[in-house]
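Thanks for coming. I will go through a few parts of one structure, so please have the sequence and the picture open.

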Amino acid sequence: MRRILVSLACAAILSAQPQPTFVMADIHVSPDTANLPGGAIYRFLPYVGGGLYQIRRQTLADLVRQAYGMDADKVLGGPNWMEWEVFDLNAKLPPESTAETQKVMLQNLLADRFKLVVHKDNKELQAYALTAGKTPKIKQTEGPGDTGCKSQITGPGVTAMPGGGFRIDSMAGAIMQAWTCHNQTMEAFVTILRNQVSQNNTVYPVVDQTELKGGWDFEFKTTLRFGGPVSSSPSDTITIFDAVDKQLGMKLTAIKMPLQVLIVDSAQKPSPNAPGVTEAMAVEHPKEFDVADVKPTEPGGRGGRLQVTKGGGVNFQNLPLRTLILQAYGLQNNMLIPGAGMDEALQTQYTILAKPPAPTKADSGSGPETSGPQGPQGPQASPDDAESAWQMMRTLLEDRFKLKMHKEERPLTAWKLVAVKPKMKKADPSERTKTTEGPGADGKDPRTATPSRSRLTMFQNVTMDQFAEKLMGISAWLSTPVVNATNLEGSYDFTINYSPVGMAGLSAGPNGGPPISIGGGRGGLEAAGPAQGASGLAEAAEPNGAITLFEAIEQQLGLKLVEDKRPVTVWVIDHVEAKPTDN
């Protein structure tokens with residue numbers, strides 16, 4: 001009895017101790033990335049530096065996963081918007097916080113602001129078992145040497161870059177990941193296979209059932225997917241399942257096993273910031289670089305680089321002036337209208353190396369986390385650094401290139417989504433609304449049979465309004481907003497499999513959308529416009545199986561994107577110098 005009372009007393013003392021919390025936290029819905037400078041670089045996992053904890057463009061499911069250290073697919077339940085709506089978080093850390101206490105702080109913040117209630121449980125989920133075949137093609141290790149597996153990217157389109165890293169041209173041939181393993185135990189090998197078999201934000205554990213003891217030497221290679229144009233044929237594609245079977249003489253077999261999951265019992269949209277928090281967490285970005293070196297690219301320069309460095313500096317290499325303007329102002333390509341005679345100036349490529357001003361004492365933060373995390377090329381830039389860099393880039397363009405622009409409404413080729421013979425499956429409204437790159441719930445991956453259709457986008461429990469809203473962001477085929485005109489009610493599940501812009505024989509038109517003219521026997525688009533061309537395209541796919549996003553939507557979903565001229569906000573360049581002022 002005394003032991004029970006002591007245990008209860010200890011529990012009461014622990015529960016009475018103050019829980020770690022952020023000093024203050026600003027949570028708000030993320031702005032639309034289509035209108036943000038720098039575009040996709042705004043998606044950040046937690047950045048800790050300068051006494052701040054910052055996250056950009058994360059769903060509530062992402063935040064829960066981060067707070068509790070769970071794989072995304074092991075966070076179950078909750079409201080259906082958990083993987084659709086995205087949020088920004090800026091929080092001030094107390095002194096001497098650690099990675100573990102920061103997780104507890106995030107847990108407490110989610111409970112307070114999102115009213116999050118969770119519990120842990122076990123559930124039978126898919127996993128894989130590695131088994132030894134009759135004659136494994138691996139060799140028992142003999143003698144000393146490094147232990148483990150190392151990989152390198154190989155293929156005709158892989159080019160080493162000065163200073164490290166490499167450039168990839170997937171149109172030059174299949175891009176492979178080649179592995180060399182020495183003195184590798186099967187217990188350690190399955191941890192590598194875990195990443196290889198996992199996809200579509202779903203992590204599949206792999207368990208060792210080979211009964212092979214000790215260390216082993218072996219090599220294998222697989223085909224890498226990048227989602228861009230590819231030249232490989234189905235016969236060139238090597239999946240991890242093929243590699244384990246044919247190259248190693250072993251098997252990966254799907255099984256069910258009990259796994260720990262986190263159940264979201266309830267959650268709400270975040271409560272507003274406390275009074276004064278938004279203002280207190282606001283950042284005043286510097287207006288101009290301390291030093292900026294702007295040079296035209298040397299003839300023959302290849303391999304563009306778009307890198308924001310710690311503090312808000314930039315390392316931009318071999319980028320056209322037009323690209324710099326688009327990135328700095330967060331514009332789609334066809335929303336930038338040059339004046340007469342400006343094309344040559346906008347096509348000139350530049351390399352820009354710029355240093356930000358030194359941080360003030362108030363900006364420098366304190367504590368061990370001040371410097372921020374390290375990346376392969378030095379300290380990583382924070383979300384605030386990225387925002388500062390694009391603010392300073394706008395100043396540089398206006399100062400050094402004398403750039404002057406204004407906004408106005410102009411009729412542009414936009415698109416509306418209409419129903420023809422819908423083929424989508426009605427969704428379960430209790431399932432989460434989400435979109436991911438990769439197979440749907442059935443696990444089928446048509447990219448293996450048709451590598452030229454390297455984009456596979458899954459939508460779950462989405463309305464047609466939500467689908468139309470996302471279309472411009474998922475592919476370069478569309479560069480103007482899409483309007484839903486399907487008149488379809490309810491939510492749907494579906495997957496679209498299509499080729500990226502730039503695939504052999506495929507290129508987008510000047511305002512996005514289907515090509516105006518394509519060789520190789522694909523007719524019907526010369527002057528007919530997208531509505532007529534879509535049917536012509538459906539009848540004449542490329543020999544390698546490549547199809548446009550427009551074709552995929554019509555053939556696979558029974559919907560259609562048709563031209564819809566309407567006023568769109570554009571930026572008109574009034575003046576830009578052909579050469580920048582001297583450094």
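Which residues line the second largest cavity? Before I answer, note that this is a predicted model.

The lining is made up of I27, I55, L63, F87, D88, L89, L106, L109, L110 and F114. Sorted by type, that gives 9 nonpolar residues, no polar ones and 1 charged. Strand β5, residues 86-92, and helix α3, residues 99-113, each contribute at least two residues to this lining. The volume of the second largest cavity is about 40 Å³. As for the method, rolling a probe the size of a water molecule over the atoms shows where empty space is left.

Next, a sheet. Four strands make an open, antiparallel sheet, in the order β7-β13-β11-β8. For β7, 2 bridges link it to β13, residues 216-223, and the two run antiparallel. Within that pair, Q140 sits opposite W216 of β13. Helix α4, residues 186-197, packs on the sheet and touches β8, β11 (176-184) and β13. The direction of α4 makes about 165 degrees with that of β11.

S454 lies between β24 (434-437) and β25 (455-462). Is S454 buried or exposed? S454 counts as buried, because its relative accessibility is 7%, and the cut-off for buried is under 20%. S454 and N497 are 43 residues apart in sequence, while their C-alpha atoms are 7.4 Å apart in space.

Conventions: Residues are numbered from 1 along each chain as its sequence is written. This is a predicted model: local features need pLDDT of at least 70, side-chain atom pairs count only at pLDDT 80 or more; totals for chains, interfaces and linings use all residues. Side-chain values use heavy atoms; hydrogens and water are left out. Buried means under 20% relative accessible area, exposed over 50%, partly exposed in between (1.4 Å probe, protein chains only). Two strands pair if DSSP finds at least two bridges between them. Contact means heavy atoms within 4.5 Å. Axes are lines fitted to C-alpha atoms, for helices over the stretch in contact, and angles run from 0 to 180 degrees between N-to-C directions. On a 1 Å grid over the protein atoms alone, a cavity is a set of points where a 1.4 Å probe fits but cannot get out, and a pocket is an open set with protein on both sides within 12 Å along at least five of seven lines; lining residues have an atom within 4 Å of a point. Grid points are joined across faces, edges and corners, and a volume is the space filled by probe spheres set on the points. Ala, Val, Leu, Ile, Met, Phe, Trp, Tyr, Cys and Pro count as nonpolar, Asp, Glu, Lys and Arg as charged, and the others, Gly among them, as polar.
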